[in-house]
Structure formats: C-alpha cells, structure tokens
Amino acid sequence: MQEQRAPNARHWPLIAGLVALSAPLVVMYLYQVIDTVTTTPPGSIIPDGVTLGHWRFLAGPLSEGGPSVWSLAGNTLVFATCTALVVTSVSVTAAYALSRLNMPGRGFFLGGLIVLHAFPTITLIVAVFLILQYMGLYDTLTGVILVKVAFELPFGIWIMKGFYDSVPWEIEMAGVTDGADRFTVWRLLVLPQVQPGLAALLIFSFLSGWSEFILPLVLAPANAPQVLATYLAGIIADDRFADFSLFKAVSIFYALPVLAIYMIFQKKLMNIYGGGTKG
Amino acid sequence: MRLVLDGFTKRFGDTTVIDALDLTVEDGEMIALLGPSGCGKSTTLFAIAGLHRVDGGRILFGERDVAQVSAQERNVGIVFQNYALYPHMTVAQNIAFPLRVRGASVADMDRKVREIAGLVQIGELLERKPAQLSGGQQQRVALARALVRKPDVLLLDEPLANLDAKLRMEMRSEIRRVQLETGITAILVTHDQVEAMSMCDRIALMKAGGIVQIAEPAEMYDNPADRYVAGFLGNPPIAFLDAVSDDILRLAGGAALGAAGTLQGLGPIALGVRPEHYGPGKGVPLDGTVIMLETHGREDLFEVELAGGGRLRAILPAGSGVRPGTTVDWGIDMTRVFAFSPEGRRL
C-alpha cells in the first residue's frame, strides 16, 4: 500500500491538465442531468426554470395509444434476462465440452468460435431476417432473443473455456478415482471453480442484452416487442420537434440500471478480463 | 491386496510407451517406481488408477482383472503431486467426498472422517479450506482423502515434490508410518532415489518404459544389475573409469590396479567406484589432483582428477584439511568396485 500524500506544488500542473482535459466530459454529464429537470431558453446555457415535465413519460404514454415506458422496461428486462440465462447456460456446458472432452469435431468448433468471434455478425442481419420470417418468429421478442443469444455465444463460450482451462486436470482425476462419474465431477468439483466466470458472464450478457439496439430495431419493429433502446431512438426520430430534454430524461432512466449493476458487480466483471480464477 | 501387472502395455497413438511390463506388488508392500522423467512411471500409475486406458495385458487387484474396469469402480486412492484438493470445500468435505459419492450416511461419514483425520494428525483442521493450509497439511489431507474409503491400492504420484526439504523429510516418514499402520498396498512414483530408498520395501527402477531391476533398496545399491542402475542410485553419484583387463587390470591411462581375477582377458571395460570406496589408504594408491571440494557439514565431497585421466569422487569426514589443487595418492577399494561391459552390462 502506497503512502497517501497531500497534493503538493509539483502535482498542480498535472491536476490542472487533467481538469482541463476532462472538463468537457464533466460538463456533458452535468447537463445530461440538469437538462432533465430544468427549462432553458434557446441559445442560452443558463436554465431559467425548474420542471419535472421531461419525466412525464413515467406517468403514461407520450402519445395517445403509444407504448408505456414501464412495459418497454419490462420487455427490455425480459429480453436481457433471457439472453443472459440462455447464453450462460449454453456457454457453461459447451465450454466444458470444448475444454475437456475429447469429442469429434472439437478442432472445427474451436476454429468456428474464433472466426465467429471476430466476424462482424451484423452483416448476417439480412439472412437472419429471412430465417426469422420463414420460421414465423419475425417481430417477436422470442425471435430477437434467439438471434441475440446466437450472436453472444462465441464470446461466452470462449470466456468460459478460458476459465475451465485454468482448472487443474488433477481435480477431475481425483474426483474420478474418488468414485464420482464425469457429470458429478463437473457439477460438484469443476463448476464451483469457474463460478466467478459464470457470474461475470451472466452480468455481462445481461448488460449486452439491455443495451442491444440494432436487433430489436430490425427484427421486431412493431410496438409490442419494442425495447427501451428503440423507444429512445424513436423520440428523436422526428427531427423537426425533437425533444432533447425528454431524450435525456429517458436516457437516464435507461442507463440507471446499468450503472447500478456496474457499481454492485464491478469486481466480478473484472474477472472476465482477468482470464481465470485466482489461487 | 496383492497387485499384479501382467504384460501391461500402453500406447499413445502409434508410440508404445510401455511394452509388456510385469510387476507384482505383495499385499501390504510399498514399492517405488523410480526413474527419470519420461520413463513411463506416471503412465503406469495412471493406468493402475484407471485414468489411462490399458492397451494390453492384465491388471490384477487380488484375483480380479480390472484392466477394462472404469476408474470409479476400481477403488484406488491416489495422492497427486499438487494434492488436487477441492478448493471450495473444507478439509472435512474434501476427505468425505469419496464417501459422499458412494451415498454414505452423514453419521458414517463424520465418524470415518474423524478417524482418518486422527490417523494423519489433522483433526483440528477439519473446518479449514485448503488455501488456509500449509503444504505439509495439504499433503496430509490428500492422504486422508485417498485412504478414507479403504482403497485396495494407494497410489502416490511424486507426493513430496512440492514440499521444502525439511517438510519432505518429515512427510517421508509420515507417509510410511500411515502406510504401515493401515497395512495398505502402496505404489510410490518418484524420480528421487532418496525417497524411494527411504520409504519403500522394494524399488522398481524404470527406464524407457521398462523395469530394469526390482530389488530391496540396500540390495539394489550394493548389487546393481547394470551401469544404469549403478549410476542412478547413490548421492553423490558413482564415478565411472575406463579400464582394460588382460592379465592384470589397468586403467585406460596405464596405472595398474592389480590382478584381474574373474575379469581376466575381457579387454576394455568400465569400473564403477562409489565415493565411499575411494580415499586415503584404500588399496592401490593412484596419483591424482583434487580439483573440487564441496563442504557438506558433516563430510566433505572431493572430486579428484587422476594423473592418467578419469575422475573419481571421494567422500571423507570433515576436517581432512585437503584443499583443491593438492596432489593426493588415494586408492580404490577393489573389493567394492563394479565392473561393466562397454554396453553397460554388469560383469
């Protein structure tokens, strides 16, 4: 632990430089919040009144027959949760197989993972659109979830494989000679070792689902399966009467859960970049 | 339980790493598989445990051939080099795991865990996690976990390699004590001759997938089957000298060693001289120069370059006062020398 020292003269130029550099960011965040509760005359940067009017979307639909933000938040929650659960449960089993089981086609799957991981998946969107249309899943939340899961899986499997690879073989050998079958060994002995990765992947894929924009926009454009990201985009779609204060208020509403999750789970999320369990 | 390997063969792909190996371990005996890395000793151990598939031959536990039986059904206990404790479980849960997967009752598990923990002296550590234990304690837990189900065979894979020197000595005698107390048949895999000699009833010295010699430690040391065995056992190691045997025995450099006796007329041979059989006043004096001195505390190890070529090691009690560079005329105790053919066969 390094000794904490009061800033002295030598540090001031450094601090001044950092302040100057980060000032625009601070101002942006400041106005992001200020603008949601004030009115500002055009051309000015000084607010001239306080209002809660920009938060009116919380009370009910913005337009007659429009979607309620709460049902959209519900949609987004379902979308993100389902994505996280499916991605994690498939990754955790697939990654074990790729890491430990000597199965046919292992090399092919590993190669495929890397290619898909590097591949700009959005280029597949037309093909995906056609497939969903053909399966009758176009314009449904289920369809979007399936596509999102498929796009997230290479990342998830790769991350989990890294965690499995760091579990010593001897633990499994010991488990097998102790009399446990391979499934029991996986469930009771190996799974607890990769638990940090599991938690991180769960949170990570939830956040990724929460912030997904393109897939719901393209694959489920109707009102019912809309999510917060598309709703937000819809608010400034009308470029003549774009209400930026409303946009900022919805943005904060949209970003708050993400901030909360990051604050609560930041240590666990770091595990993913740490690349494995410690000690 | 008596363990027999009968024509055991193991291949990895097209490479045969162990070809028709025979080995018998008597009931309650502890045997060491000793050899350099890559000689197939761990492969043999894992095949006995059922972790490697057997490609030929039989593995008998008592009368039962387990060569094609899965690891789960074999009832072997194994202690790994890194102990392979389950890090998320307490010591008690670790030890109880083999009983738990067999569906033992809680009371039964508790009783057996306490019993075995007492035997390996970790009774007060049962609620700790492996990360809170020292290396020696982890070793004891691993031993307890291997023993708690009363295995037919106990397998030890380099169990002392990760311990520091002091703990290693302590655990050497601990493992042997527990093995003797439980009367379990045990196989120790090691590359350390001191471990093998101090812990085991017999040593099977391995080389390139085969067993070169099986004997009790003292017998193997005093009567090695060939040059490889002689070179492997002994610390400091044996020294070899080129010699020629016709009417009399002489070193390659020309110095006469005496009558050839049974070695008469064999031509070029190699002599193996252990450090304790070379020194002042031991048979025919040979001119040489001390080129190196290692102080071991109780004794000093010297390396001597002979005038006619060749090097010998000598071990003398400390305080001899001989310094490097000194010319000496120490001799070889010819009654204790091993003779080997150029191919390494014992003569």
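Helix axes are lines fitted to C-alpha atoms over the stretch in contact, and angles run from 0 to 180 degrees between N-to-C directions. Helices (H or I, at least four residues) and strands (E, at least two) are DSSP runs, numbered from the N terminus. The model shown is predicted, so that local features need pLDDT of at least 70 and side-chain atom pairs count only at pLDDT 80 or more, while totals for chains, interfaces and linings use all residues. Residues are numbered from 1 along each chain as its sequence is written, chains are lettered from A in the order in which they are written, and side-chain values use heavy atoms, with hydrogens and water left out.

**View 1. Helix 2 and helix 3 of chain A cross at roughly 125°.** The axes of helix 2 (residues 69-100) and helix 3 (residues 106-118) of chain A come within 10 Å. Helix 2 of chain A is therefore oblique to helix 3 of chain A (angles under 35 degrees count as roughly parallel, over 145 as roughly antiparallel, 65 to 115 as roughly perpendicular and the rest as oblique). The crossing of these two helices is left-handed, meaning that the near helix is turned anticlockwise from the far one by less than a right angle; clockwise would be right-handed. Helix 2 of chain A contributes Ala97(A), Leu98(A) and Ser99(A), which meet Arg106(A), Phe109(A), Leu110(A) and Leu113(A) of helix 3 of chain A (contact means heavy atoms within 4.5 Å). Five nonpolar, one polar and one charged residues make up this contact; Ala, Val, Leu, Ile, Met, Phe, Trp, Tyr, Cys and Pro count as nonpolar, Asp, Glu, Lys and Arg as charged, and the others, Gly among them, as polar.

**View 2. Helix 2 and helix 4 of chain B pack at an angle of about 30°.** The axes of helix 2 (residues 91-100) and helix 4 of chain B are 7 Å apart. This angle makes helix 2 of chain B roughly parallel to helix 4 of chain B, and their crossing is right-handed. Val91(B), Asn94(B), Ile95(B) and Pro98(B) of helix 2 of chain B meet Val141(B), Ala144(B) and Arg145(B) of helix 4 of chain B. The contact has five nonpolar, one polar and one charged residues.

**View 3. The largest pocket holds about 720 Å³ of space.** On a 1 Å grid over the protein atoms alone, a pocket is an open set of points with protein on both sides within 12 Å along at least five of seven lines, whereas a cavity is a set where a 1.4 Å probe fits but cannot get out; lining residues have an atom within 4 Å of a point. Grid points are joined across faces, edges and corners, and a volume is the space filled by probe spheres set on the points. Of the 22 residues lining the largest pocket, Arg182(A), Gly50(B), Leu51(B), His52(B) and Arg53(B) are the closest to its centre. Helix 6 (169-177) of chain A and strand 1 (3-12) of chain B each give two or more residues to this lining, and helix 6 of chain A gives the most, with four.

**View 4. The largest cavity holds about 30 Å³ of space.** Its lining consists of Ala174(A), Thr177(A), Asp178(A), Ile78(B), Arg145(B), Ala146(B) and Arg149(B). Helix 6 of chain A and helix 4 (135-147) of chain B each give two or more of these residues.

**View 5. A cis peptide bond joins Asn235(B) and Pro236(B).** Omega is about 0° at this bond. Pro236(B) is found in the loop between helix 8 (227-232) and strand 11 (239-245) of chain B.
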